[in-house]
Structures are given as C-alpha cells and as structure tokens.
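Keep the viewer open as you read.

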Amino acid sequence: YQFYVDDVTLVQGVNTIELAYTALDSGHVNLDSLRLAPAGTTRYEAEEAELGGGANVQTEHAGYSGTGYVGGYQNVGASTTWTVTALADASATFTLRYANGPHPFEGTKQVSLYVNGEFAKKLALPSTGQWNVYGTLTNSAVLRAGSNELSIRFDDGDQGNVNLDYLELTQNEPIRCEPGVVADDEFDGEALDRCRWTTILNEDP
C-alpha cells in the first residue's frame, strides 16, 4: 500500500469527503483508509485533559492559557492525560507549559512522561521562581498514526509539585514519496528513509 497526501479545506462542523470514480478517471484502485490531521502546531489545554490521582483544575495563579491550569501534583499518582492526533508513525515535538514555584522546595522537579500507557522518559522541569510565572519545556515523543495518549504523571521517585498549563504538539506533513520508489529494498545508506522502509524500529531510543 502507498500513501497519497493532499490538502483539503473544511468548514466548521460536519464535512463529507467523497472519493468518486467519474467518467474522466481511470479508477481500478483499492482504498484502505482516509486520515485527517492538522499539520503545524496544535495546543491541548491541561484543564481539558483527563485528570487522575488528585490532579485538578485550578485558577489561583494568573498567567495561564485557556480557562485554568492543572495542579494537585502533591502526591504520587497525580496524572494529566491528553488525547492527541498524529499524522504518521513518527517522532513529534511537544512543548509543555508549566509553573514550578518555590514549594515545597525551589529547584528543578521531575515528572514522568507516558505515551499510550507505556513509560517513555523522565522530564526535568526547571524552576520558574514563582507560581504565577510560567515556563516551557520542549521534548519529543514517538507517536503512531491516529489517536495517541500523552500523560504526565507523578511517579515514585519524582518530585512532582508543579502546575501544568498546556501541551503543544508540532508535526510536519507526512513524507511525500516520489513515484517509482520501491518500499523495503536493501539498506545501503546511513539515514532513515520513510519512502524506502515502511517499518522503522527504535527511532527514538
């Protein structure tokens, strides 16, 4: 199977996309799936995410985006889980906006990132000085095409005690392959080529 990538303009609300075989077409193709996802940067507010373990929406400290931020990261088990959409099986860049004030101590505090329920990595959030001062941390995660869950959790060994404002996910258009490329041929280079190899393991070890 191959991918065909194009742009469509949609209106707000429900849209219908039709792939039609007309008199001027040659047809004779099999269709597997259609996927829509926005390229560029998409913001996901923390207060709209799924919260657990005591994490809760707060508005005490000004400067947040949207209608609030998520606090309650005083205890192990607190979590914020966003459902995001990825364009393709690939690494995507995310930016986490947060506040890390001086309580219970001033300094960098660690939380844990989970992707689709699996532990991915530890995130170290530097101090922002005060609770009404927000900073950002940019990192990356390997996502699968379609729906994914990104979760920030307070695990054993983490320091927690941060507030989360939003997560921004940045991704590029899917790779557009030139006609005639043969997928999964013999490897003879040093760089990953998604047009030639359809399955790439451990891209972000």
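Start at Asn163: setting aside neighbours within four places in sequence, Asn163 is in contact (heavy atoms within 4.5 Å) with His61, Tyr69, Val70, Gly71, Arg97, Tyr98, Ala99 and Trp131. Asn163 counts as buried because its relative accessible area is 7%; buried means under 20% relative accessible area, exposed means over 50%, and partly exposed is in between (1.4 Å probe, protein chains only). A quick word on ground rules: this is a predicted model, where local features need pLDDT of at least 70 and side-chain atom pairs count only at pLDDT 80 or more, while totals for chains, interfaces and linings use all residues. Residues are numbered from 1 along each chain as its sequence is written, and side-chain values use heavy atoms, with hydrogens and water left out.

Asn163 belongs to strand 11. Strands here are DSSP runs of E with at least two residues, numbered from the N terminus, while helices would be runs of H or I with at least four. Strand 11 covers residues 163-171, and Leu167 is in it too. Leu167 is buried, given its relative accessible area of 2%. Among the residues that Leu167 touches, leaving out those up to four places away in sequence, are Thr42, Arg43, Trp82, Val84, Phe94, Leu96 and Leu150. Tyr98 is 69 residues from Leu167 in sequence, yet their C-alpha atoms are 9.1 Å apart in space.

So what lies alongside strand 11? Strand 6 does: the two run antiparallel and are joined by 7 bridges, where pairing requires DSSP to find at least two bridges between two strands. Within that pairing, Arg97 stands opposite Tyr166 in strand 11. Strand 6 (residues 90-99) also runs antiparallel to strand 9 (residues 135-143), with 9 bridges joining them, and there Leu96 stands opposite Leu137. Strand 6 is mostly covered, with 7 of its 10 residues buried.

Now for the core. A nonpolar core is a set of buried Ala, Val, Leu, Ile, Met, Phe, Trp, Tyr and Cys residues joined through side-chain atoms within 4.5 Å. The largest one has 29 residues, and Tyr73, Trp82, Val84, Leu143, Ile152 and Leu164 touch the most other members. Strands 5, 6, 7, 8, 9, 10 and 11 are the elements that give two or more residues to this core, and strand 6 gives the most, with 4. Take Ile152 as an example: beyond residues up to four places away in sequence, its contacts include Tyr73, Trp82, Leu96, Val111, Leu123 and Leu164.

Finally, the rings. Rings of Phe, Tyr and Trp (its six-membered ring) pair if their centres lie within 6.5 Å; planes under 30 degrees apart count as stacked, over 60 as edge-to-face and the rest as tilted. That rule gives 2 aromatic pairs. Tyr64 and Tyr69 have ring centres 5.8 Å apart and planes at 55 degrees, so this pair is tilted. Tyr69 is buried at 0% relative accessible area, whereas Tyr64 is partly exposed at 26%. Tyr114 and Phe119 have centres 5.7 Å apart and planes at 75 degrees, so they are edge-to-face.

A charge sits over a ring if NZ of Lys or CZ of Arg is within 6 Å of the ring centre and within 35 degrees of the ring normal. Likewise, the charged end of Arg43 sits over the ring of Tyr166, 3.9 Å from its centre.
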